[in-house]
Amino acid sequence: MNATYLPADYVPVLIQLGLALGFIVTTMIVTHSIGPKRNSQKKDDPFECGIPVQGDARTPISIKYFLIAILFVLFDVEVIFLYPWAVNFKGLGVDGFIQMVLFMGLLLAGFYYVIRKGVLKWE
């Protein structure tokens with residue numbers, strides 16, 4: 001299967017990319033030019049969750065927060081690997097099943113280690 005791609009084959013992709021970028025730029029320019037421009041002290045104040053701003057924004061945050069976030073992302077990304085495996089389960093056969101059991105075993109061992117270290121306990 002020797003396929004030769006010519007630059008002309010990419011013209012539809014470039015046209016779609018140009019149209020998408022043109023739409024974005026046009027939308028931003030139009031909304032900026034016709035949108036209301038009412039600035040006030042109340043409108044320019046930082047706002048988050050309905051809580052008034054108090055203190056310095058650079059207060060230290062507990063490392064537990066970052067550990068939980070990193071662990072969530074880590075285990076979430078690893079679980080994503082289960083979907084292609086489930087779709088191709090029959091095609092992978094026994095070898096694929098053994099590999100997934102090994103993968104899940106390592107995943108659960110890591111999760112057990114995290115629980116034993118007490119990373120998920122809030123104090």
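The legends below describe views of a predicted model of one protein chain.

View 1. The protein chain holds five helices and zero strands, and from the N terminus onward its elements follow the order α-α-α-α-α. Along the principal axes, the C-alpha atoms of the protein chain fill a box of roughly 65 × 60 × 20 Å. The radius of gyration of the protein chain is 26 Å, whereas a compact globule of 123 residues would have one near 14 Å. Of the 123 residues in the protein chain, 7% count as buried.

**View 2. How helix H3 lies against helix H5.** Helix H3, which covers residues 63–80, packs with helix H5, which covers residues 89–117, and the axes of these two helices are 11 Å apart. The angle between H3 and H5 is about 165°, and because angles over 145 degrees count as roughly antiparallel, H3 and H5 are described as roughly antiparallel to each other. The crossing in which H3 passes H5 is left-handed.

**View 3. The residues that meet between H3 and H5.** On the side of H3, the residues in this contact are Leu71, Phe75 and Glu78, and they meet Phe103, Leu107, Gly110, Phe111 and Val114 on the side of H5.

Methods. Residues are numbered from 1 along each chain as its sequence is written. This is a predicted model: local features need pLDDT of at least 70, side-chain atom pairs count only at pLDDT 80 or more; totals for chains, interfaces and linings use all residues. Side-chain values use heavy atoms; hydrogens and water are left out. Axes are lines fitted to C-alpha atoms, for helices over the stretch in contact, and angles run from 0 to 180 degrees between N-to-C directions. Helices (H or I, at least four residues) and strands (E, at least two) are DSSP runs, numbered from the N terminus. Angles under 35 degrees count as roughly parallel, over 145 as roughly antiparallel, 65 to 115 as roughly perpendicular and the rest as oblique. A crossing is left-handed if the near helix is turned anticlockwise from the far one by less than a right angle, and right-handed if clockwise. Contact means heavy atoms within 4.5 Å. The radius of gyration is taken over C-alpha atoms; the globule rule is 2.2 Å times the number of residues to the power 0.38. Buried means under 20% relative accessible area, exposed over 50%, partly exposed in between (1.4 Å probe, protein chains only).
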